[in-house]
Amino acid sequence: MTPFFALLRKELFALGVSPFVYVLLAVWFSLNALLFNISIDTQYIQADLSLLPPYLFGSGMLVWLLLPIFPPLLCLRMFAEEHRVSTLEPLLTAPITDSAVVLAKYFAACLFFLVFWGGLLFFFLLLDMHGATLDWARIIGGFVGSCLLSFLFIATSLFASSWGGNLVLAAGGGAAINYCMLFLPALFQYDDSVLGEVSRNSHLPNLISNGFAAALIDSYAVMYLVLLSSLFLFLTYLRLVSRRWIP
Amino acid sequence: MIEIKALSKQYGRVLALDRLSISVGKGEILGLLGPNGAGKSTALKILSGYLPQSSGEAYIGGLSLREKSLQARALVGYLPENFVAPNELYVVEYLRYRAGLKRITRKQRTAEVLRVMKLVGIEQRAKQRFDALSKGFKQRLGVADCLLGNPPVLILDEPFSGLDPLQRQDFRNILCGLKEEGKAIIFSSHVLPEVEDIADRVLIIHHGKTRVAADVEQLLCINQQVVISTQGDHDENLSRLAECGDELASAVVLRANTFVVDIDVSRRAQCLQQMIEHGISVTGYSISKRDLEDVFAEFVSSAAEVG
């Protein structure tokens, strides 16, 4: 486990000292603060504060427009940048398994992304401190759902980052996969066929808004997100290990 | 410690390595030479476990890199051609991180990092970031990284590139010290005098094929010529040389009364005796000095002619 934790620590440290990551955090929190400000000013939210969590953690358009972009930008340096500046070669020739490399990088990005979502919890704590009555079940549910969705997007972003040293391809590819996963099922969700059924069951906004953000943590949704994340991690692993397979 | 058997590597249609076979034992340094694109880096990348071979076998400490890559990699310290470390880490942090990757326990890590920093002389730069280091110190950091965990095998790709003469001298001493410790070292280089100084054996490859693999001493003796200086009448000496037998008859005039001729090592004393018997007044009988650059140029150019 030593090589895994050594790499995990290094990745967390690298994220923690990267100015680019702080720019991402600043943009993330500014836009979410703006959304919070706008939402809290609307009359129907003021009338029922339990409607607020889904706006920040689930069904808000800002969430869906922003979320697919941030993980690819965060994961940009993990493989693509390392490949570009040639630091990947010393890493992959060290006695560490390829699966440990993928998992250490993935968990580092996931842990760091908790800061992105954890910051939003601060808004609710602020409301709570000012005496607002909040539905914490919905808040925590929305938080868990958003985190799981972000972890899926981190897995896809790692996969895109493993394609090579092209940063544009890594960021663009990761964002493209994420947007496709978000919006492609929406095209078929009113279809009566099997495709429609699959689309309805895999439509991520539905899973988050109607499930997690409504304080319903459905094992189907959890498993779906975890398995899909595992699939992309496995593809990343295959991409990495294929270097040793393909003569 | 290092054994390669008929190793080949193909990139698409390009054959980068063609049935390369070498072995390097404990306390031995092998210099890998060849022009750009000869396949040196490819061979070293395969040995480091970074690239797979297309065919053939490579063993580190008896472990197949194909079947037991992880265990074999644990025995290797590898310095890539353009060594780069992450900029966000200080030298000491980077080495601690690498020590962790190499399964050195947390308790031993500080002592081990200190040991390798002292060994390569970078303890004064412990609190500097990679991009603040000079080229020489960057290379030293790469070597320090290689030495973490005291691996028995070192694979160094162009370790002398970009170093000034003083740094080269230091680096040479470091490598010789490691050889004394019994490490098997294989390195590629374009700096032939350095190879000549520190390598026990050299392998010259060209277009992926082995041109020659021999001890440095042996290699420098190949095609060595004898320079004969005489006194007296030049033409008379030349005609007397022709009477001395086939070897001396083929002497080429370098300048008046000085001749150059190829004579096998075993025959040199006899030839001198013959010249004296034929009344040639020999004032000098020396072996022309060759260096690795001459040998390298000879083998590579002959390969180019054949190719």
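View 1. Helix H9 of chain A, residues 98-129, contains Phe122(A); helices are DSSP runs of H or I with at least four residues, and strands are runs of E with at least two, numbered from the N terminus. Together with Leu125(A), Leu126(A) and Met129(A), Phe122(A) forms a nonpolar patch on the surface, with about 410 Å² of accessible area in total. Areas follow the Shrake-Rupley method with a 1.4 Å probe. Patch members have over 30% relative accessible area and no salt bridge, and nonpolar side chains are joined within 5 Å, like charges within 9 Å. A salt bridge places a side-chain nitrogen of Lys or Arg within 4 Å of a carboxyl oxygen of Asp or Glu.

View 2. A disulfide requires two cysteine sulfur atoms within 2.5 Å, and the count over all chains is zero. For Cys180(A), the nearest cysteine sulfur belongs to Cys75(A), 18 Å away. Cys180(A) is partly exposed, at 40% relative accessibility. For Cys244(B), the nearest cysteine sulfur is that of Cys271(B), at 8.1 Å; Cys244(B) is buried, at 4% relative accessibility.

**View 3. Domains of chain B.** Domain 1 spans 2-220 and domain 2 spans 224-287, with bounds from an automatic or database domain assignment. Their C-alpha centres lie 46 Å apart.

**Conventions.** Residues are numbered from 1 along each chain as its sequence is written, and chains are lettered from A and ligands numbered from 1 in the order in which they are written. In this predicted model, local features need pLDDT of at least 70, side-chain atom pairs count only at pLDDT 80 or more, and totals for chains, interfaces and linings use all residues, while side-chain values use heavy atoms, without hydrogens and water.

Key. Buried means under 20% relative accessible area, exposed over 50%, partly exposed in between (1.4 Å probe, protein chains only).
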